[in-house]
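Welcome! Here is a friendly walk through one protein model, written for someone meeting it for the very first time. Take a look at the sequence and the structure, then read on.

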Amino acid sequence: SFHEIETAMIERNQRCVPIIKGEKVVGVITRTDLIRTLHDDVFKTARTRTLQRDEAETGGPHRNVAGLLRSRLPHRLMTVLEEAGRLADRCEMALFVVGGCVRDLLMGIQNLDLDVVVEGDGIAFARKLGDLLRARVKVHERFGTAIVLLPDGFKLDVATARTEYYEYPTALPTVEQSSVKKDLYRRDFTINALAVRLNGKGFGEVLDFYGGQRDLNDKVIRVLHGLSFVEDPTRVFRAIRFETRFGFHLGKDTTALIAGAVKMKLFHRLSGHRLLEELKLLFSEREPRQSIKRMAELGLLRFIHPKLSWSDRLERILNAVDEAVDWYRLLYLDRKIDVWLVYLMGLLEVLPEHAVKDTLKRFPFSEQQAMRLKMARVGSHNAIRRLGSKRPITPAEIYRLLSGLSDETLLILMAKNKGDTVKRHVSAFLTTYQQVKPILSGTDLKAMGLKPGPKFKQILEQLLDARMNGAVVTESDERDLVLKLTEGKTSD
């Protein structure tokens, strides 16, 4: 009886009472169970109030966004979702759109990267859908996922509803087939744990088991459970990313859990590869400086390197990087750079030389990325000194100094200098000098009787310098210069 269980718990100071069938434990009764039974009338009232509040916030107990889907998605993509839903009905499977695309739909942000989850065999469903749509299907057996590649360029990521558990902190998860509710529970934050049903009968119905809509309304980033960051510390960087991107704020409990993860030094267990991938994403957002400052506030910069911390100097450099990157984006709409690399260059700028070497060893940079980081740190010193000096410098000399540097290195070079002289020279190089070419080509030189060789290359370089400095203007000027450089003699 209830009284016997209550007495046993109190007298023996037990937190729970096991339920035994034969010699096997089949369950437990906890103190919470006792309290819930004793005060069931109170809990009923609380549940009623919560339900009424949630209904008011979400627009009813069964919110349907079918109309929203039709207004936000291209007609072709909407047709695909409807056909997928009908196929799921025929296969007697539950099908849902999940994750970030649902979040963005509710926020009014366009997102055509659709992820769908099947309660059942996701790969088998993807193959049937591919046959129906005459689409190509790419399968990942290990993860129970597939990509349906449509002929018109759209794609649909299909996954089996699954649950996961972690053998130890920072381990990759062990995955098992499950329900959509458990699938959503393994997500990082409540705002990403939303789903929309695609089956015909309930098409457009929102599934919100964990308060994601409420947190969207309150602009809160909140984890689903207390061990979230212990299971996967990289979620901390994603939290900062979403906080900065959407103008949200971390929930109080989530902030406390991050502090706990920092105190436990879980980030030291992350591989350099996993941490670098998260930093790349974080520093590729529109406001990387804000994200870096937030990392500093949460005590995370030291996991890039123990000597890295927020300072006035770092803030000045990052502000200057912001200006340089904005200038570049405005000027070069058709050119792409690794923005994350420029901000990382800014971070390394405040570290001592040995710390820079440690950082380059820890993270798996490509050979090209490592070279650019080194050039930004030490290789650009000569260029900075010469460009910043008061001695006159020609356009050709500026070109020779800067032509071997990447655009990322040029931007950090601009950011590192307070004065306008260096910035003006770098700007002239990017906007003008890079595009200058001689009129005469190697073919023209051969037609003039010159044989390819070391002298041949020198003549082409001198032609470029002369044109850049304004010493030659026309093709005739260039031919005269060639004759002068070869002392009026040509080879047979």
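## Before we start

Helices (at least four residues) and strands (at least two) are DSSP runs, numbered from the N terminus. Please keep in mind that this is a predicted model.

## The second largest cavity

Which residues line the second largest cavity? They are Met-345, Leu-348, Glu-349, Leu-373, Ala-376 and Arg-377.

Two elements give two or more residues to this lining: helix H16 (339-348) and helix H18 (367-379). Of these, H18 gives the most, with three residues. Sorted by class, the lining of the second largest cavity has four nonpolar and two charged residues, and no polar ones.

## The largest cavity

The largest cavity contains about 110 Å³ of space. It is lined by 14 residues, and the closest to its centre are Leu-73, Cys-101, Leu-105, Asn-111 and Leu-114. Helix H4 (66-72) and helix H6 (100-107) are the elements that give two or more residues to the lining of this cavity.

Which helix provides the largest share of that lining? It is H6, with four residues. By class, the lining of the largest cavity has ten nonpolar residues, along with two polar and two charged ones.

Strands of a sheet pair through backbone hydrogen bonds, either parallel or antiparallel. Here, seven strands form an open sheet with mixed pairing, in the order E5-E6-E7-E4-E3-E10-E11. Its edge strands are E5 (136-140) and E11 (206-207), each of which pairs on one side only. Strand E10 (residues 195-197) and E11 pair in the antiparallel sense over two bridges, and Val-196 has Val-206 in E11 as its bridge partner.

Helix H5 (residues 75-90) touches strand E3 (94-98), strand E4 (114-119) and strand E7 (155-160), and its direction makes about 150 degrees with that of E3. Helix H7 (residues 122-133) also packs on the sheet, touching E3, E4, E5, strand E6 (145-149) and E7. The direction of H7 makes about 150 degrees with that of E7.

## A hairpin

Now for another pair of strands. Strand E1 (residues 16-21) and strand E2 (residues 24-30) pair in the antiparallel sense over six bridges. Ile-20 has Val-25, in E2, as its bridge partner. E1 and E2 form a hairpin with two residues between them, and Gly-22 in the turn has a positive phi of about 70 degrees.

## Two residues to look at

Leu-77 lies in helix H5. Is Leu-77 buried or exposed? Its relative accessible area is 1%, under the 20% limit, so Leu-77 counts as buried. Not counting residues up to four places away in sequence, Leu-77 touches Leu-112, Leu-114 and Phe-154.

Ser-291 has its place in helix H14 (residues 288-297). With a relative accessible area of 0%, Ser-291 is buried as well. Leaving aside neighbours within four places in sequence, Ser-291 is in contact with Ile-240, Thr-244 and Leu-282.

Terms used:
Residues are numbered from 1 along each chain as its sequence is written. This is a predicted model: local features need pLDDT of at least 70, side-chain atom pairs count only at pLDDT 80 or more; totals for chains, interfaces and linings use all residues. Side-chain values use heavy atoms; hydrogens and water are left out. Two strands pair if DSSP finds at least two bridges between them. Contact means heavy atoms within 4.5 Å. Axes are lines fitted to C-alpha atoms, for helices over the stretch in contact, and angles run from 0 to 180 degrees between N-to-C directions. On a 1 Å grid over the protein atoms alone, a cavity is a set of points where a 1.4 Å probe fits but cannot get out, and a pocket is an open set with protein on both sides within 12 Å along at least five of seven lines; lining residues have an atom within 4 Å of a point. Grid points are joined across faces, edges and corners, and a volume is the space filled by probe spheres set on the points. Ala, Val, Leu, Ile, Met, Phe, Trp, Tyr, Cys and Pro count as nonpolar, Asp, Glu, Lys and Arg as charged, and the others, Gly among them, as polar. Buried means under 20% relative accessible area, exposed over 50%, partly exposed in between (1.4 Å probe, protein chains only).
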